[in-house]
Amino acid sequence: MTMPLCDIVEIELAKRWWAARSAELTTRFRASREAARKKDGHFTMWFASATYSAFGLVDLYLIPDVAPPLVATRLILSAIFVMVVGWQYRRGVAADWIDTTCASIVLLAYGSWLAFATSSGYAFNVSYYMAYGVIFMMVANLLFNFRIRLAILLSCGIMVAFLTAMLLSFPMPAEYYVSSLVLYVSSFTLTLLVNWKLNVERYHVFLNALKAKLREDEVVERGKELLRLSNTDPLTGLKNRRAIEEDLAAYWQAWQDERRSFAAVLIDIDYFKNFNDHYGHQEGDSCLALVANALADLAQGWDGTVGRFGGEEFIVLAAVSDDAGIAHFAESIRRTVEDLRLPHERRPDGEGVVTVSIGAASTANSSAKRVERLISEADTALYRAKGSGRNCAWVFDQNDGSLGEENEDIATLLKSAIADDLVSLVYQPIRRVSTGRIEAAEALMRLRGRDGRMIPPNIFIPVAERTGAIVELGRWALETACLELIAADLAPVVSVNASAIQLKTPGFAIMVAGVLSETGIDPQRLALEITEGREIEGNADVLRCIGELRQLGIQLWLDDFGTGFAGLSCLRTIAFDTVKIDRSFLHGATLGAGHMLLEDMVRLIRNHGQRLVVEGVETERHLALLKSLRVEWAQGYHLGRPTALDGFRSLIAAEASNPIRVVISAG
């Protein structure tokens, strides 16, 4: 297995000076210095040539008899040297060749000077002048950035030339030879040592710089991966709700600015709960992944965007505008999933294979003023598809009264739901993970039709918000929970879900204060659960209302963290007491990347100082994972299903000595 480059660098930095260098790192080092070495060689040759020519003045003073030809030679050679190295530099010759050329030039310059100096009649002057040969050695080892081997060869050449000239040309006392030899050998040794240390230091600087860059790249890559994970559903690999809502906002903006119409298509797997109950959650996850892959392949052919919208529901956005195109697209999706032929033996309709129900809406056929309304229209069409026997697709048409009929019926129903006792609350326990004891409960709002059929919250809540009925329903839920659970001493704290519509309603905080006064409970025993979103974080009226609620002493909980537009922004802007992580992150944590994302979210919330609840605990494996992460509270079917007041009272009676917090949600 190939060793990571960062590990190779660490090993290289730990080596002793005599150990052999890594071939890979040496190659990288030379490559990194290639351009600098060529530039340095070119510049240094100019400087060295100018210095070499300037020493002609010394020639005129010390050896005047040979100075004229020597000075002329210096000037001519300097010009040639500069031109040769300049030509190599401009032609892009390799740095090793330029260094070799420069070394040869230094040796040639020294030899030329020796040839003239030793032929001078001023022997006494020359005997002192010979010491200046050390300058050439310094140039070789210090001025140029030669590699150590080339520096040794050049220095040896200079020293051999000096010793040869000295022995053959000047009969001098032994003391002179010894002192000159010591001077050259000392210069040779010291300058080479400095050269070697400089090269080693340059190599270590390179290694440390490479190490820093590798770590920086790792951090950047890690950041990109975290960003990708934060926008990716860990189970299916599709975009998660956060990412798809950002795409939805971009599609909507293009529609507003350029009238580029698009369709939003909601896809729901039929009878998926039956599938999970019969085959198990592992097979259920596999089913979701297979359907997701099929949708992704199909959407790519239509230049569309696909994401997981929650649970067994998917969404596809595509630039399809005309009715025929939308219908064809939706039918292609339905047929693609059906053609997978995934077995589904426990379907109550006897179909036998996994199918989907589809609802679609297009900006071209909608009068929606907000993107949320377009999704509501697609959801309305999806509800109609389910009501029509499933395994079919419906396209919303604002001129088709049949599609709006259910919504109108629900709107009418909501007007008298409280008076006719059609709305109720059920309670789901929230347990402390470490002990398994009930310490909280979530109260869920339920609506029953006049025919006794239960209407799902995702159907009636949007209608309630659109018609304004949510304000009265919210007040009823708040009063009911306070009376049933707090006033009856079944729970010390009640939390009521508050939507952006409610928070923007004038006098909402006054209404809450009135309920507190009427029921006589301490404000600290009431909390409001708020779902993250841009309407919360970016709306001045909402933030003002939240501030007023804070002044009342109300607790604030952030619901479904990680699924909306502005989770981190909401967390930063509003001082929540408790944060609930959406169930999709726990369900996706069975994969390595999903586990890492959940762990990061838990750490983020814990470091931010909020209490933590994780939703969606449906297996012992989920519970064990939360225990390993030291999560405080959790809820889900594995810990207790929603139950009516009498059933919840029985649960509380079994643990009467433990404090309980109750959460009310319209979900």
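I began at Arg453, which is partly exposed with a relative accessible area of 42% (buried is under 20%, exposed over 50%, partly exposed in between, with a 1.4 Å probe and protein chains only). The model is predicted, so I kept to its limits: local features need pLDDT of at least 70, side-chain atom pairs count only at pLDDT 80 or more, and totals for chains, interfaces and linings use all residues. Residues are numbered from 1 along each chain as its sequence is written, and side-chain values use heavy atoms, with hydrogens and water left out.

**Entry 1: Arg453.** I looked up its partner and found a salt bridge to Asp451, with the closest N and O atoms 3.8 Å apart (a salt bridge is a side-chain nitrogen of Lys or Arg within 4 Å of a carboxyl oxygen of Asp or Glu). Asp451 is exposed, at 59% relative accessible area.

**Entry 2: strand 9.** I then turned to strand 9, residues 438-448 (helices, H or I with at least four residues, and strands, E with at least two, are DSSP runs numbered from the N terminus). Nine of its eleven residues are buried, so the rest of the structure largely encloses strand 9. I found nine bridges joining strand 8 (residues 423-432) to strand 9, the two running antiparallel (strands pair if DSSP finds at least two bridges between them). Gln428 is opposite Glu442 of strand 9. Five residues separate the strands of this hairpin, and Gly436 there has a positive phi near 80°.

On strand 10 (residues 454-455), I noted antiparallel pairing with strand 9 over two bridges. Met454 in strand 10 is the bridge partner of Arg448. This hairpin also has five residues between its strands, and Gly452 in the turn has a positive phi of about 90°.

**Entry 3: Glu442.** Which residue forms a salt bridge with Glu442? I found Lys580, with the closest N and O atoms 3.5 Å apart. Lys580 is in strand 14 (residues 578-581) and Glu442 in strand 9, so the pair ties together parts 138 residues apart in sequence. Lys580 is buried at 0% relative accessible area, and Glu442 is buried at 6%.

**Entry 4: helix 26.** I checked Asp646 and Arg649, whose salt bridge has its closest N and O atoms 2.9 Å apart. Both lie in helix 26 (residues 645-654), three residues apart, about one turn of the helix. Asp646 is exposed at 55%, while Arg649 is partly exposed at 35%.

**Entry 5: total.** I recorded 28 salt bridges in the structure.
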